[in-house]
Amino acid sequence: MKKRILTGDRPTGKLHIGHYVGSLKNRVEMQNSGDYETFIMIADLQALTDNANDPSIIQESLKEVVLDYLAVGIDPAKSTIFVQSQIPELTELAFYFMNLVTVARLERNPTVKTEIKQKEFGKSIPVGFYTYPISQAADILFCNADLVPVGADQLPMIEQTREIAQSFNSTYGVTFKKPEAVIPEDELCRRLPGIDGGSKMGKSLNNSIYLSDDSQTVRNKVFSMYTDPGHIRVEDPGKIEGNMVFTYLDVFGTDTQKINELKDHYKKGGLGDVACKKYLYEVMEEFLTPIRDRRKQYENNLDYVYEILEQGNKKAKAIAEETLSKVREAIGLNYFDK
Ligand code: TRP
């Protein structure tokens with residue numbers, strides 16, 4: 001039997017090139033290898049845990065995220081894309097898992113800790129948000145996934161999922177596999193910095209290049225990129241480290257020889273930022289053009305896109321129903337089964 005992949009994203013905005021190198025690329029490659037059965041979940045309920053008062057963000061982003069998936073090459077003939085809220089069994093499973101996790105354990109989850117700080121919840125953390133790692137374990141375990149290709153920030157979630165599987169198995173009998181995370185090997189891809197050179201590329205930081213950005217927007221972003229503030233005149237020697245133009249060339253460029261020549265020239269002096277940015281713009285366009293084209297095709301056929309999701313929901317629901325009937329039986333809730 002093929003190994004199973006389960007992964008997903010919260011629909012709280014469009015996906016950017018950091019998402020691409022951080023996990024989408026792995027997902028597409030794994031899908032195309034033919035070695036796996038791939039499930040991709042749009043985590044709208046998880047998105048609701050910190051957007052309860054503004055679900056319109058989620059409604060709008062849902063469509064964008066599916067289009068982003070299809071645009072980067074997630075192929076509906078090979079992968080199952082589905083929507084979390086359409087599978088109520090996931091919520092039921094999360095409810096059983098809640099009894100196997102302590103508040104102290106949730107408190108220690110570093111990803112949730114960081115998010116609580118970022119979102120400035122203070123003492124007003126929604127319980128739903130606080131417990132989303134438990135719900136994420138249900139997302140992963142319902143289909144007994146072997147592998148979870150995600151961004152490196154999600155490692156604590158997979159760790160907690162493994163613990164929950166272990167705890168369920170030892171309490172009620174062996175029911176779940178312990179899944180493994182798959183993250184990029186390359187350090188830069190794990191944490192692509194934003195165009196401002198500061199922190200990681202992020203939705204709320206205004207430092208992202210989106211997969212759906214048009215050519216002019218990408219041009220403007222590339223030309224506003226953080227380079228080397230000490231490189232003032234063209235003839236000055238410049239720094240490569242921390243220079244976003246070279247960072248992005250390393251990640252997205254394919255002509256290593258040319259990139260190395262540019263680096264040497266820049267370090268020596270005599271090569272201006274504008275020339276480098278022009279080249280990076282070409283490189284980014286080469287990467288983004290086929291993605292944009294595919295997006296447009298699907299955008300012009302949204303009925304088909306919704307059809308893909310409906311098919312995906314059906315397939316995921318059938319698996320979830322089967323798992324939940326095993327789970328109820330394992331716990332001993334099958335009083336009325338004949
Ligand atoms: N937590 C992920 C994010 O922040 C989204 C997600 C929800 C997920 N459920 C998942 C990822 C299951 C992988 C597997 O985007």
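At 22% relative accessibility, does asparagine 144 count as buried, exposed or partly exposed? Asparagine 144 counts as partly exposed; buried means under 20% relative accessible area, exposed over 50%, and partly exposed lies in between (1.4 Å probe, protein chains only).

The legends below describe a predicted model, in which local features need pLDDT of at least 70, side-chain atom pairs count only at pLDDT 80 or more, and totals for chains, interfaces and linings use all residues. Residues are numbered from 1 along each chain as its sequence is written, and side-chain values use heavy atoms, with hydrogens and water left out.

**View 1. Asparagine 144 sits in the loop between helix H8 (132-141) and strand E4 (147-149).** Helices (H or I, at least four residues) and strands (E, at least two) are DSSP runs, numbered from the N terminus. The phi of asparagine 144 is near 50 degrees, a positive value in a residue other than glycine. Most residues other than glycine have a negative phi. Asparagine 144 touches Arg4, Thr175, Phe176 and Lys177, leaving aside residues up to four places away in sequence. Contact here and below means heavy atoms within 4.5 Å. Lysine 239 lies 95 residues from asparagine 144 in sequence and 48 Å from it in space, C-alpha to C-alpha.

**View 2. Asparagine 206 has a phi near 60 degrees, again a positive value in a residue other than glycine.** Its place is in the loop between helix H10 (187-190) and H11. At 76% relative accessibility, asparagine 206 counts as exposed.

**View 3. Helix H15 (residues 302-331) has 30 residues.** From first C-alpha to last, H15 reaches 42 Å, close to the 44 Å expected at 1.5 Å a residue. The expected span is 1.5 Å times one less than the number of residues. Buried residues of H15 include Val305, Ile308, Leu309, Gly312, Asn313 and Ala316. An α-helix has 3.6 residues a turn, so residues three or four places apart point the same way. Just after H15, glycine 332 takes a positive phi of about 100 degrees.

**View 4. Helix H3 (residues 56-72) packs on H15 at an angle of about 90 degrees, with the axes 11 Å apart.** That makes H3 roughly perpendicular to H15. The contact is made by Leu62, Lys63, Val66, Leu67 and Leu70 of H3 and by Leu302, Val305, Tyr306, Ile308 and Leu309 of H15. By class, it has nine nonpolar, no polar and one charged residues. Axes are lines fitted to C-alpha atoms, for helices over the stretch in contact, and angles run from 0 to 180 degrees between N-to-C directions. Angles of 65 to 115 degrees count as roughly perpendicular, under 35 as roughly parallel, over 145 as roughly antiparallel and the rest as oblique. Ala, Val, Leu, Ile, Met, Phe, Trp, Tyr, Cys and Pro count as nonpolar, Asp, Glu, Lys and Arg as charged, and the others, Gly among them, as polar.

**View 5. The largest nonpolar core has 53 residues.** Such a core is a set of buried Ala, Val, Leu, Ile, Met, Phe, Trp, Tyr and Cys residues joined through side-chain atoms within 4.5 Å. Ile17, Tyr69, Leu211, Tyr248, Leu249, Phe252 and Phe287 touch the most other members. Helix H14 (residues 273-299) gives the most to this core, with 10 residues. Phenylalanine 252 touches Ile17, Val21, Leu192, Val283, Met284 and Phe287, not counting residues up to four places away in sequence. A second, separate core of 41 residues includes Leu100, Phe129, Tyr132 and Ala165.

**View 6. Eight of the nine residues of H12 are buried, so this helix is largely enclosed by the rest of the structure.** The buried residues are Met244, Val245, Phe246, Thr247, Tyr248, Leu249, Val251 and Phe252. They pack against helix H1 (17-33), H10, helix H13 (256-268) and H14.

**View 7. Glutamate 241 lies in the loop between helix H11 (215-223) and helix H12 (244-252).** Glutamate 241 is exposed, with a relative accessible area of 61%. Aspartate 228 is 13 residues away in sequence and 8.5 Å away in space, C-alpha to C-alpha.

**View 8. Glutamine 136 is in helix H8.** This residue is buried, with a relative accessible area of 8%. Glutamine 136 touches Gln46, Gln154, Met157 and Thr161, not counting residues up to four places away in sequence.
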